[in-house]
Amino acid sequence: FLHHDKKHSYIKDLKIELPKSYIYTDSIYLSYHADNKGNNREIINIYNNNINAVVHAQDLVFLSNELKSVDNTININLRIQGNEKTVFIPSFKANTPDGSFVLNTGISIRDWQERNSTWGVENLTLKARTDFYEDILTAFHVDEDIVSKISKTGEIKLTLDAAGDNKDLIAQGNLVTQAGAAKFKSNLYNDHLTADITAEEIDLNQILSDERFGKLTADLSISGQKAHSSLTGIVKGEITNFTFNNFNYKDVDFTVKALNNQYDFEIDSEDPQCIISANGSAISDKMLRHIKINATCDNINLRALNITDRWGDSDMRGSISADIDMNHTGMPKGWVKVDNYPPIGSDNNYSLNKLSINSNDTTILLDSDFGHVEICGNYNYKTIGSSIMDIINSRLSFTDKSTSKASKKQNRFRLNAEIKDTEWLKSIFGIPAEISSPLTMRGSVDDSKKTISLSCNLPYIKYNGSEYKDINAYIRTPNDTLQAYATI
């Protein structure tokens, strides 16, 4: 039934049907401001008793083609009332027949006939079971690993109040899952976002399926702005409690600043068993490109942190700094430096006063208390070992070398090394080796010519209680042959 005149419109028993959906209203009433000719009409009152709808996802494929594989039906019930300034939906209810999804809220739209209208959502409560959102995420081709981790949070319950317009937004609410809870407040104004988030007892073991992780409680403060394709922002956080390897870390503060693809960070931990301070920066788009770091450790007790018992209750102290350009097709370039690394209080103390590694296109140089290593030429540390083995194998093989495939490796370098001290092997790695005179190693490797020339000299070594003297060894590949020699 439809009635319409100059000052009123009235619809009764309206039903619109789709293959698997429908919308029905018993009545909608509108009244207008208008002159006697019906001109300059403005709605002054809106009233509706009930709108009931059954919406099947597959009838909404015009919004997204992915919905054709979602077999979910949602029942909707709402009432509308309003005037020339504001439209109210005091009751909006939506749910699936099996209860896997339930939503209740109130909605208002102010100045709804104007371009600068504002809206509000009040007392929103939402509940969604795993089986409901799993189907939707899978239909939209979300990565299986992400879907799996989200699903492990179990049933989701959300309470929310929000308001905004076509540019700005303010919201606050609570999110509760079977893996923990979070409170949040956010504000978007002139493309600038601020947010405060409190994560409470987030069970990372449940989400990550990794028994090393426990629960996390932390506060985050976010401020950022997006302009065109660039992102600028800052995240400040305080971890009040975080369990890893059955140790509870407390009082860890961190800051991350983002500008385009560069991220600057600071970390400070005041936990008595892990006192560290670090800062640095990283450049990353889809892959990590460059990293800088400076870290100072005033105290780390690795036994208390359940990492290793090797040094008993020793306190680790020292500093590390690095500046590395990550070359994902070859050798990273840059440098790493370690200073003053003594475990204090151990029966088997070892003090590493310096360790530096420098790398560029043609040279890698390691210099430390215990020795010096230099590699010059073209090299890729990922393939040095396999290059040597391939060349040795080519000399041992009885196949026709004229038909063998050329190596794709491009290692061609000279090696010069002198190791003066092996105490670090025993203290750090537990390898029971002692030397009284330097170990020297020299040689070269050339993939293109399939040649090796390596020699090693060690006057004395004591290993696991046994003594060995005058060790000499070499391996060479002259004239398409393999020569190896060793004496002890």
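A contact here means heavy atoms within 4.5 Å. Among contacts in the protein between residues at least 6 apart in sequence, 40% join residues at least 24 apart. The model is predicted, so local features need pLDDT of at least 70 and side-chain atom pairs count only at pLDDT 80 or more, while totals for chains, interfaces and linings use all residues. Residues are numbered from 1 along each chain as its sequence is written, and side-chain values use heavy atoms, with hydrogens and water left out.

**Overall make-up**

- The protein has five helices and 32 strands; these are DSSP runs numbered from the N terminus, helices being H or I of at least four residues and strands E of at least two.
- Of its 488 residues, 32% count as buried, where buried means under 20% relative accessible area, exposed over 50%, and partly exposed in between (1.4 Å probe, protein chains only).

- Strand β5 (residues 51–56) pairs with strand β6 (residues 73–83) in the antiparallel sense over six bridges; two strands pair if DSSP finds at least two bridges between them.
- Ile 51 has Leu 78 in β6 as its bridge partner.
- β6 also runs antiparallel to strand β7 (residues 86–95), and seven bridges join these two.
- Gly 82 has Val 87 in β7 as its bridge partner.
- Two residues lie between β6 and β7, which form a hairpin.
- Asn 72 sits in the loop between β5 and β6.
- Asn 72 is buried, with a relative accessible area of 15%.
- Leaving aside residues up to four places away in sequence, Asn 72 touches Val 55, His 56, Ala 57, Phe 132, Asp 135 and Ile 136.

**Nonpolar cores**

- A nonpolar core is a set of buried Ala, Val, Leu, Ile, Met, Phe, Trp, Tyr and Cys residues joined through side-chain atoms within 4.5 Å.
- The largest such core has 19 residues, and those with the most contacts inside it are Ile 202, Leu 216, Ile 239, Phe 242, Tyr 249, Ile 300 and Leu 305.
- Two or more residues of this core come from each of β13 (192–203), α3 (204–208), β14 (213–227), β15 (230–244), β16 (247–249) and β20 (288–300).
- β15 gives the most to this core, with three residues.
- Apart from this core lies another, of 16 residues, among them Phe 101, Val 121, Ala 128 and Tyr 133.
- Not counting residues up to four places away in sequence, Ile 300 touches Gln 273, Cys 274, Ile 276, Leu 305, Ser 314, Asp 315 and Met 316.

**Helix α4**

- Helix α4 (residues 384–396) has 13 residues, which at 1.5 Å a residue should span 18 Å; its end C-alpha atoms are 19 Å apart, which agrees. The expected span is 1.5 Å times one less than the number of residues.
- Ile 384, Ser 387, Ile 391, Ile 392, Ser 394 and Arg 395 are buried in α4.
- Seen down the axis of α4, these buried residues fall within an arc of 160°, so they line one face of the helix; the arc is that of the directions from the helix axis to the C-beta atoms.
- The face of α4 turned away from the buried side carries the exposed residues Met 389 and Leu 396.
- The cover over the buried residues of α4 includes β27 (412–419), β29 (439–446), β30 (451–463) and β31 (466–476).

**Cysteines**

- A search of the whole structure finds zero disulfides, a disulfide being a pair of cysteine sulfur atoms within 2.5 Å.
- The closest cysteine sulfur to that of Cys 274 is in Cys 297, at 7.1 Å, too far for a bond.
- Cys 274 is buried, with a relative accessible area of 8%.
- Cys 376 also counts as buried, at 16% relative accessibility.
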